[in-house]
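Okay, thanks for having me. I'd like to walk you through one model today, so let me put it up on the screen.

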Amino acid sequence: MISITEKTLQDLQFPTVLETISDGCNTDIGKEKALQIKPIRNKEELMQSLMQTSEYVSSFQNNNAIPNHGFEAITHEIKFLAIEDSFLEVGSFRKIANLSATTNVLLNFLKKFDDYYPNLNARASRVELTKDIISAIDAIVDKYGEIKDNASPALSGIRQNMNLVRGKVNQSFGSALTQYNGLGYLDDIKESFVQNRRVLAVLAMYRRKVKGSVLGSSKTGSIAYIEPEATLKYSRELANLEYEEKEEITRILKNLSNVIRPYLPLLIEYQDFLSDIDVIAGKAKYANRINGILPTITEERRLFFREAYHPILYLNNKQKKEVTYPQTIELKQENRIIVISGPNAGGKTISLKTVGLLQLMLQSGILIPVHERSETFLFDRILTDIGDNQSIENHLSTYSYRLKNMNYFLKKCNKKTMFLIDEFGTGSDPELGGALAEIFLEEFYHREAFGIITTHYSNLKILANELPYATNANMMFDEKSLEPMYKLALGQAGSSFTFEVAQKNGIPFGLINRAKKKIEVGKVRFDKTIATLQKERSKLEKTSLNLKEEETRAREESKKMENINTKIQQKLESYQELYDSNQKIIYIGQKIDDIAEKYFNNKNKKELIGEFLKIVEIENSKRKKATPKEAKAKVEKQKEIIAEVQVKVEEIRQEKKEKKLKPVVEKPKPILKVGDRVRMLDGRSVGSIDSIEKNKATVNYGIFTSKVSLEELELVEAVKK
């Protein structure tokens, strides 16, 4: 059962990851759910969550793209349907129908493509598929969210009458307009609308001459708006029909609400399903942005993150068009604690956070940016002590707070725990704090917990060196520029480069020397030795990189040679077939020549025909019956081979001809001397000759020497006299 405190989530910036995932969701409910993502306790549930996200990511590349899962939330509608005798407005039913249709499309799609999306379909198969909701709503409400005329016989009759009355309203108004306009009673605008009713724009002086109801006047009072008497009668009739329509629509909506109300649990399930898919889609989009994958999750106690990126740093640097350096970190039973040391601003804390955040993301069902050959197992608890831990609320100093935190660690730490501690032991007297930190580290070690700590304390570096299943590590620095290389090197403690960094930042050399005298000689010597070892490691890293490049090139050359060899083998087989075919024809020709000579001597036609038929029969017995298509293909292939052979033969003849014409003049080989820069005839590495004995030279390549025959070397640059 995984247990992660809110402090650990904050320390590892997990909420920042959730905010980015939330931004990728389409719906408000999905966005809210994404922000509530927590580590998943059940392993089976966790694996299903990871696989669902992985399947959704695969849909971005294949031809079977997952259909749209967007929907308008029906939270308000769900609340209303739960109240007995309540009814929904017409627009709410359209939202419910759209939600049902989207769910049905998705359920059918995932069922159809179960081979591609088995885990997503497993989630979908828990949801009931029904078209009854859509059918019930579509019978009443059209696609624009309006009640259909045929929603009920009564409504159909009312609306027919309304159309007839509207016709009479328009007809009577048209007659009045023509009549009064002819008499010159109307203003230039002639007509207008008041209270949503059509009225005549009558000049104020003539308003008593127009029969009808005055509904208003213009601001200046020069125009009176009058509804003609004939139209007024039909308008009242229309108003009565509109009231009847409204009453009938209310009755229809109540009936429809009662029809849909039994499906309330299913509608809640639909909204929950689509919002879950929205969260999965949000996680998939995030995985796409950070190149997240699902590493192997094993039962074996081993965490191996190869080429792991801190996702937040990666996205920030990507936006700034800056480089993010990946880290490779391994923790296992035989190497369960890593102590990272070295100067500040070298990336120690980021390396620590990368491991913690990626493990936390993975155990929350989120894919992580690591190499595909990475693997890990599941922890029950992740403990962190990172950053400035001064507690203002509790009036505790940094050190008091850290001791309180260590006490919590000691209570909870076991073999299923990962602990991450930044700047271990700081906040107190270096001697006393370092000693206490050493005891804590020993305790965590004996409990077989996995962990990474960062420190400047020498005693912790020494302890990591002494404990069989713990190891030192350092963040590499360029020995010349003292610039961080942001690369974690396992197996060796890091120097803090205290004096070197001080000198680089302009602190006078005399002051640095005085500081050196103030501290123990052994400490300086120890730090100096570490610094020297780091420089040596940096050189070896560069050499190793060069050798890897050489190895890669050699592999590529070997692959090319294999391809060429395969092609040559195929050509040889083709040439052999052509040769065998030609030899066979020559053999038959010789036999026919023998028969012809025999006939020349004895003139026996019967014997001649018999011998000839015998040859034909023997040859035919070897032939295989081929279709016209196969026979044609064989002839075409043979033509190609003959043409190719002719080209090659012509090339060889031409070369021989040129050789006869041009006498070969061999270029004299230069005499090699000590100091000359040379390379092997079939190599790329350049070295210099240290000595020559008989016909062998000792070549110095910088990091190693080699004895090579002078015949196998070529001159790159002669030594200057």
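When I say helix or strand, I mean DSSP runs numbered from the N terminus: H or I over at least four residues for helices, E over at least two for strands. Counted that way, the protein has 21 helices and 19 strands. Before we go further, this is a predicted model, so local features need pLDDT of at least 70 and side-chain atom pairs count only at pLDDT 80 or more, while totals for chains, interfaces and linings use all residues. Residues are numbered from 1 along each chain as its sequence is written, and side-chain values use heavy atoms, with hydrogens and water left out.

Let's start with the overall picture. Of the 721 residues, 39% are buried. Buried here is under 20% relative accessible area, exposed is over 50%, and partly exposed is in between, with a 1.4 Å probe and protein chains only. Contact, for me, is heavy atoms within 4.5 Å. Take the contacts between residues at least 6 apart in sequence: 69% of them join residues at least 24 apart.

Now the inside. In soluble globular proteins, nonpolar side chains tend to be buried together. A nonpolar core, as I use it, is a set of buried Ala, Val, Leu, Ile, Met, Phe, Trp, Tyr and Cys residues joined through side-chain atoms within 4.5 Å. The largest one here has 95 residues, and those with the most contacts inside it include F14, I260 and M361. Helix 11, residues 264-290, gives this core its largest share, 14 residues. There's another core apart from it, with 22 residues, including L383 and F419. Back to I260: leaving out residues up to four places away in sequence, I260 touches L81, F93, I133, A136, I137 and L267.

On to helix pairs. Axes are lines fitted to C-alpha atoms, for helices over the stretch in contact, and angles run from 0 to 180 degrees between N-to-C directions. Under 35 degrees counts as roughly parallel, over 145 as roughly antiparallel, 65 to 115 as roughly perpendicular, and the rest as oblique. The axes of helix 9 (153-182) and helix 10 (229-260) come within 9 Å and cross at roughly 160 degrees. That makes helix 9 roughly antiparallel to helix 10. Helix 12 (311-320) and helix 13 (348-362) have axes 9 Å apart and pack at about 110 degrees, so these two are roughly perpendicular. Where they meet, P311, I312 and L313 of helix 12 face I350, L357, L358 and M361 of helix 13 in contact.

Last, some loops. Which is buried and which is exposed, T130 or T220? T130, between helix 7 (118-124) and helix 8 (132-138), is buried at 7% relative accessible area. T220, between strand 3 (212-217) and strand 4 (223-228), is exposed at 71%. Setting aside neighbours within four places in sequence, T130 contacts N104, L266 and Y270. A polar atom of the T130 side chain also lies 3.1 Å from the backbone nitrogen of D132.

Q13 sits in the loop between helix 1 (6-11) and helix 2 (14-23), partly exposed at 29%. N291 also has a positive phi of about 60 degrees without being a glycine, and N291 is in the loop between helix 11 and strand 5 (296-297).

Key: Polar contact = N/O pair within 3.5 Å; in protein donor to acceptor, adjacent residues only side chain to side chain.
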